[in-house]
Amino acid sequence: MTVLRKPWAWAWIATIVVYAITIAATAGASAAGLAQAAFTFAAFGVIVGLGQMFVITLGPGNVDLSIPATMTLAGTLSLKLMNGADAMVLPGLTLALAIGTGVGLLNYGLIKVLRIPPIIATLALSFIVQSAAIWTNRGLRIKPPESLAAFSTGTLLGIPNLAIIAGLLTVVAWVLLERSIWGRRVTAIGQSLPAARRAGVAVDGVRLSAYVLCAMLAGLCGFLLACFSGGAALNMGAEYLLISIAVVVIGGSSVAGGNSNVPGIWGAALFLFLVVSMLNTYGFGAGPRMILTGIIIIAVILAASLRGRGTEGG
Amino acid sequence: MIPHMRDMSPLLSVSDARLRFGEVTALDGVSLALHPGECLGLVGHNGAGKSTLVNVLNGSLSPHAGRVIADGHAGRWDVTTARALGLRCVFQELSLCPNLTVAENARILHRGHFGPRWRAEARRLAREALDAVFPGHGIDVQAQVASLALAQRQMVEIALAFAEAGRPARLVILDEPTSSLDAGVAGQLLAHIRRFVAGGGTVVLISHILSEVLATATRIVVMKDGRVVADRPADSFTQAGLVAAMGSTARERRRPGRNGLSGPVTPLVVQEMARGLPVRVAAGEVVGLSGLAGHGQTEMLRALHDRLAPGWIAGRRPKVAYVAGDRRHDGILPLWSIRRNLTISALASLARRGLVDERAEAAIAEHWRARIGIRSPDLGLPILSLSGGNQQKVLFARALLAEAPLVLMDDPLRGVDVGTKQEIYDIIRAEAAAGRAFVWYSTEIEEMELCDRVYVFREGAAVAELTGDRISEAAILAASFAGPDTEAAA
């Protein structure tokens with residue numbers, strides 16, 4: 001089957017299996033509710049995952065570790081600016097995106113000017129960004145504007161609004177990666193930076209734009225998450241460090257860069273949520289749940305990489 | 001040369017050695033004997049087979065045919081037996097460990113010689129070795145090699161090769177040992193070689209500075225196309241005679257219709273360099289870069305490309321295209337299809353509103369597949385499914401397809417078969433006639449004869465400019481190998 005040869009197939013297969021096992025426990029009663037919850041929570045993972053995917057596509061060593069801090073700063077500052085007023089929604093969103101842009105520019109600035117590896121540069125910057133969030137927030141918990149809170153928890157024809165936004169962004173990301181010259185250039189750099197440079201790719205410009213795009217999506221995600229959960233918290237981004245990387249890897253994109261895909265990110269984001277719900281449904285405690293989650297993630301990655309080796313030989 | 005030397009049994013000899021790398025014949029029946037108490041000068045142009053011969057002598061390569069006889073025994077010959085005989089090699093590419101001190105490097109080179117208090121012994125060994133060859137060297141043997149200047153590293157490597165540690169050195173092979181030394185230090189080395197040889201040692205000296213070879217060697221062997229073309233006592237050669245022996249005497253000249261540019265033409269681009277002549281390129285011109293390999297031609301091309309290629313924002317039309325010589329490192333995009341590899345440099349002109357027009361892309365890829373003869377049933381196949389020569393054609397087509405007015409070529413036809421080369425020559429001439437400029441670095445002198453103008457490089461600078469009928473093998477060889485007069489001028 002040709003679908004099975006796609007790099008994203010395993011993430012989706014795993015998702016369907018886990019979903020089936022979970023609803024089997026409740027004899028199908030929770031099917032719709034579980035799907036809706038899964039799509040809502042997966043939306044956050046998808047939004048940061050898309051940005052991380054472009055950065056990882058740039059090749060070995062490229063990763064953005066400042067996503068959680070960017071989410072936190074964008075969430076806290078935009079909520080502070082809006083201060084619960086419905087009229088301030090657009091300025092709030094603009095601020096969140098501007099914070100993302102700034103972080104992205106600084107990230108690449110550190111990488112380029114100081115010649116620090118991206119993993120160190122983005123981690124170092126994330127400390128500064130996180131500290132800025134702590135300093136401006138000072139434990140305040142401001143509620144999001146009514147309209148935004150309603151929108152972010154609402155649905156359209158049974159589909160969560162957040163999932164629709166993430167879906168639209170996914171389509172845009174797919175077009176960027178698969179059809180645009182920018183995506184071609186990102187993928188070329190990921191395969192071989194010297195070869196891309198000699199082929200006339202403006203290497204610095206393309207890398208900068210990928211880091212900025214990633215941080216902007218992190219800013220947007222922080223904004224939506226703060227509205228969804230009724231206020232920003234200083235640890236709100238914490239779990240998205242692992243999630244943003246895990247959805248790219250489980251989704252079948254190459255960690256070594258130059259070979260990424262978009263559909264896998266949705267499969268992986270749904271899978272990550274459903275694994276936890278499945279283990280909850282079967283009554284596992286927090287400890288065993290974490291261990292099993294880790295084991296299952298490793299198993300899916302292993303299955304995907306074995307498949308990859310199989311098709312290379314054939 | 002001492003008359004009775006021929007009668008003595010050779011220390012090391014090869015007879016009728018033949019070695020092929022794929023289609024390329026590197027050694028085509030070479031016989032050579034090295035006697036105690038002689039310094040053999042080995043000269044020849046790029047690809048003459050000098051390095052291959054050295055690698056056969058030192059045991060790194062075994063010839064496909066022919067024998068190596070060491071000390072009269074025709075046994076197994078490899079790196080270990082070569083060391084046991086007392087053979088030492090100094091290569092152009094430095095082989096010291098940069099993160100260790102000079103003394104620690106001595107310990108590694110002469111392993112097996114040291115006892116438990118090896119640090120003190122190694123320091124003494126390194127100091128004595130340096131004092132013996134380069135008196136007054138001023139090198140701290142406890143300094144890390146990475147902290148030394150290039151010339152100092154070269155001195156350490158040479159001194160350690162001659163060092164007396166355990167087995168004495170009996171045969172020392174020096175490949176361009178003076179390339180980074182100044183005249184005074186080079187003089188010390190040449191004097192040491194004479195002392196070593198007078199004491200019964202044997203030296204093989206490879207150098208592009210012919211005056212050095214003439215002054216130091218007792219015998220000179222000239223190689224060309226994998227054969228020994230001259231083997232005589234050094235005093236029977238003159239500098240001009242050596243250059244003539246390296247070139248071919250009678251060879252068919254094929255010089256397709258040149259553009260016949262004459263007089264001063266407005267240059268499209270000028271690349272100034274720290275030393276030597278600036279490289280000028282005019283539209284419609286094929287400019288060759290020649291000289292011995294590794295004398296700054298690739299660096300000049302890279303610098304020119306870095307200057308003209310975009311860093312942050314790519315324009316609609318590229319100003320320059322680059323055909324890589326090291327295709328695995330800076331040419332091929334290995335995960336992609338042939339088609340995507342072809343079109344990467346021309347994406348801006350194949351796009352509408354930022355999206356790739358895949359129909360236009362397929363059409364232009366097919367056009368160039370037909371024009372340059374890429375042998376593959378489907379351009380959607382992975383680039384790595386192609387043979388090396390066809391991958392090189394893809395890179396060449398990529399540069400032409402980009403429609404840049406200037407194409408830089410970094411010895412792109414190395415290892416490409418003769419038929420393909422001929423096709424590419426024709427395309428280059430046709431594209432130049434249509435107004436494109438080419439800067440073409442090649443290690444093959446015949447390819448320089450296809451150029452309108454040639455710059456000969458030596459030691460990182462363009463030292464000679466040849467135009468039109470003055471482009472000849474003899475002129476290029478004469479400029480590639482420094483003589484006493486040109487040395488003084490430089």
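Two strands count as paired if DSSP finds at least two bridges between them. Helices (H or I, at least four residues) and strands (E, at least two) are DSSP runs, numbered from the N terminus. The views below come from a predicted model, in which local features need pLDDT of at least 70 and side-chain atom pairs count only at pLDDT 80 or more, while totals for chains, interfaces and linings use all residues. Residues are numbered from 1 along each chain as its sequence is written, and chains are lettered from A and ligands numbered from 1 in the order in which they are written.

**View 1. A six-stranded open sheet of chain B, in the order S5-S6-S7-S3-S8-S9.**
The pairing in this sheet is mixed. As a reminder, strands of a sheet pair through backbone hydrogen bonds, either parallel or antiparallel. Strand S5 (87-90) and strand S9 (227-233) of chain B stand at the edges with a single partner strand each, so one side of each has no neighbour in the sheet. From one strand to the next, the twist averages 15°. Angles here run from 0 to 180 degrees between N-to-C directions, and axes are lines fitted to C-alpha atoms, for helices over the stretch in contact. Look for B:Cys89, whose bridge partner in S6(B) is B:Ile173.

**View 2. The hairpin of S8(B) and S9(B).**
These two strands, S8(B) and S9(B), pair in the antiparallel sense over six bridges. B:Arg219 stands opposite B:Pro233 in S9(B). Two residues lie between the strands, and B:Asp225 in the turn has a positive phi of about 50°. Helix H8 (residues 239-246) of chain B lies across strand S3 (39-43), strand S8 (219-224) and S9 of chain B, at about 30° to S8(B).

**View 3. Helix H4 (residues 118-133) of chain B and its buried face.**
How far apart are the end C-alpha atoms of H4(B)? They are 22 Å apart, which agrees with the 22 Å that its 16 residues should span at 1.5 Å a residue; the expected span is 1.5 Å times one less than the number of residues. The buried residues of H4(B) are B:Ala122, B:Leu125, B:Ala126, B:Ala129, B:Leu130 and B:Val133. A residue is buried if 20 or more other C-beta atoms lie within 10 Å of its own, exposed if 12 or fewer, and partly exposed in between, with C-beta atoms placed from the backbone. Seen down the helix axis, the buried residues of H4(B) fall within an arc of 120°, so they line one face; the arc is that of the directions from the helix axis to the C-beta atoms. Among the elements covering them are helix H3 (102-109), helix H5 (150-162) and helix H6 (183-198) of chain B. Residues are in contact if their C-beta atoms, placed from the backbone, lie within 7 Å.

**View 4. Helix H6 of chain B, from its buried side to its exposed one.**
B:Val185, B:Leu189, B:Ile193, B:Phe196 and B:Val197 are the buried residues of H6(B). These buried residues of H6(B) fall within an arc of 115° down the axis, so they line one face of the helix. They pack against S3, H4, H5, strand S7 (202-206) and helix H7 (210-216) of chain B. Which exposed residues sit on the face of H6(B) turned away from its buried side? That face carries B:Ala183, B:Gly184, B:Arg195 and B:Ala198. After H6(B) comes B:Gly200, with a positive phi near 100°.

**View 5. B:Ile158 in helix H5 of chain B.**
Is B:Ile158 buried or exposed? B:Ile158 is buried, with 26 other C-beta atoms within 10 Å. Leaving out residues up to four places away in sequence, B:Ile158 touches B:Val90, B:Val133, B:Pro177 and B:Leu189. B:Arg88 is 70 residues from B:Ile158 in sequence, and their C-alpha atoms are 9.5 Å apart in space. The helix H5(B) itself lies across S5 and S6 of chain B, running at about 175° to S5(B).

**View 6. Another open sheet of six strands in chain B, ordered S13-S16-S17-S12-S18-S19.**
Pairing is mixed here. Strand S13 (320-323) and strand S19 (461-467) of chain B are the edge strands, pairing on one side only. Strand S12 (residues 286-291) and strand S17 (residues 437-441) of chain B run parallel and are joined by four bridges, with B:Val287 opposite B:Val439 in S17(B). Helix H13 (residues 388-401) of chain B lies across S13 and S16 of chain B, at about 175° to S13(B).

Key:
Two residues are in contact if their C-beta atoms, placed from the backbone, lie within 7 Å.
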